[in-house]
Amino acid sequence: MVPIFTPYLEIPELSRYDFNVTEIHASELNEDGRHTWQYPKSELDKLKDPNIKLLGIVNPSNPPSVAINDESMEYIKSIVKEYNPNLMIVTDDVYGTFANNFKSFMITMPYNTLGIYSFSKYFGATGWRLGVIALAKNNVFNTLIKELPKSDTDDLISRYSSLTSNPESIPFIDRIVADSRQVALNHTAGLSTPQQVQMAIFSAFALIDEDDRYKKQTKDICYRRKKLVYDELLTLPMKKKDEHSTSYYNEYDLLVWAKIAYGEDFAMYLQNNRSPIKFLLELARRYGIVLLNGDGFNGPKWSIRVSLANLKDEQYTLIGKAINELFEEYAKDWKENK
């Protein structure tokens with residue numbers, strides 16, 4: 001489901017896997033022509049095809065950082081139940097702690113879902129690579145392993161025979177742990193002891209904070225910074241607060257902005273005479289500001305991403321001013337050429 005964190009786009013293309021990939025686009029627009037970053041039913045209907053075996057998603061998304069709404073969640077649930085009951089779902093919920101009333105696929109479809117969660121964003125420990133995977137005891141992954149043909153099960157028994165005298169009974173989640181160290185080094189699999197201790201401390205801290213003061217503060221910080229950027233985008237008004245948005249990142253589609261501020265002609269001018277990559281390079285060269293292009297996440301070609309979790313508040317004012325100044329410079333050139 002795109003846009004999505006770039007490695008999820010690149011891993012399926014590796015020769016080791018060489019998967020056939022179907023993209024489900026968050027292409028829904030609101031009445032103003034702006035992205036909601038939700039998935040229209042016409043896109044979700046692709047999941048009705050039983051040839052689609054696995055659904056990969058970052059929820060809330062990256063880079064828009066918007067959670068899937070309840071309507072789409074229920075629609076996917078109905079599709080899986082009626083058309084594709086053996087669908088495997090892998091959901092990366094790293095930004096879930098920044099969303100209001102977040103609901104994971106692990107709650108709505110626990111039988112089908114493997115969950116991934118990283119501590120690194122919420123606790124600001126990105127370099128430590130602290131994370132967990134989770135799976136319901138009764139899950140589709142174990143079921144599908146049992147239904148494999150004998151030639152495949154014999155191969156798996158041979159692969160995991162060094163771990164136990166009953167390799168055919170190893171749960172899927174334990175196979176993942178073993179495979180992370182090529183099975184033979186299973187005794188060193190998982191996180192290091194310092195990482196485990198650090199995660200335990202973070203977890204204890206979150207449990208002790210019964211009023212979620214830390215969570216509220218982090219969410220307020222992200223939203224405040226988002227507003228600081230928008231305050232400088234003089235011709236692009238900030239959308240009303242979206243209950244599904246985490247404000248961890250924000251993605252700005254320059255073509256949508258162009259249409260709102262100056263109409264279709266300016267948007268066409270950008271497409272025909274300018275480049276979104278050159279816009280970002282110009283931001284870096286002139287202002288020392290480095291942003292990412294949304295196209296790299298299979299988002300809209302003219303979208304750019306601002307991370308709202310890394311810098312000081314006053315720096316987001318400077319980012320907004322720089323983006324606005326360069327955008328208005330493009331608009332001025334268009335007016336003069338016109």
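1. A contact, as the word is used in this note, means heavy atoms within 4.5 Å of each other. With that in mind, Leu270 touches Leu254, Leu255, Ala258, Trp302, Phe327 and Tyr330, leaving aside residues up to four places away in sequence.

2. A word on the basis of these values: this is a predicted model, in which local features need pLDDT of at least 70 and side-chain atom pairs count only at pLDDT 80 or more, while totals for chains, interfaces and linings use all residues. Residues are numbered from 1 along each chain as its sequence is written, and side-chain values use heavy atoms, with hydrogens and water left out.

3. For the overall picture, the protein chain has 13 helices and seven strands, where helices (H or I, at least four residues) and strands (E, at least two) are DSSP runs numbered from the N terminus. The C-alpha trace spans about 75 × 45 × 35 Å along its principal axes. Among contacts with a separation of 6 or more, 67% are between residues 24 or more positions apart.

4. Of the 338 residues of the protein chain, 43% count as buried, which here means under 20% relative accessible area, with exposed being over 50% and partly exposed in between (1.4 Å probe, protein chains only).

5. Which residues touch the most other members of the largest nonpolar core? They are Phe266, Leu270, Phe279 and Ile323, in a core of 31 residues; such a core is a set of buried Ala, Val, Leu, Ile, Met, Phe, Trp, Tyr and Cys residues joined through side-chain atoms within 4.5 Å. At least two residues of this core come from each of several elements, including helix H9 (213-232), helix H11 (264-273) and strand E7 (303-307), but H13 gives the most, with nine residues. Apart from this core lies another, of 19 residues, among them Met1, Leu47, Ile68 and Met109. In soluble globular proteins, nonpolar side chains tend to be buried together.

6. Strand E7 also belongs to an open sheet of three strands, whose order is E5-E7-E6 and whose pairing is antiparallel; two strands pair if DSSP finds at least two bridges between them. Strand E5 (249-253) and strand E6 (292-293) are the edge strands, each pairing on one side only. E5 is joined to E7 by five bridges, and Tyr249 stands opposite Ser307 in E7.

7. Leaving aside residues up to four places away in sequence, Ser120 touches Ala125, Thr126 and Leu130.
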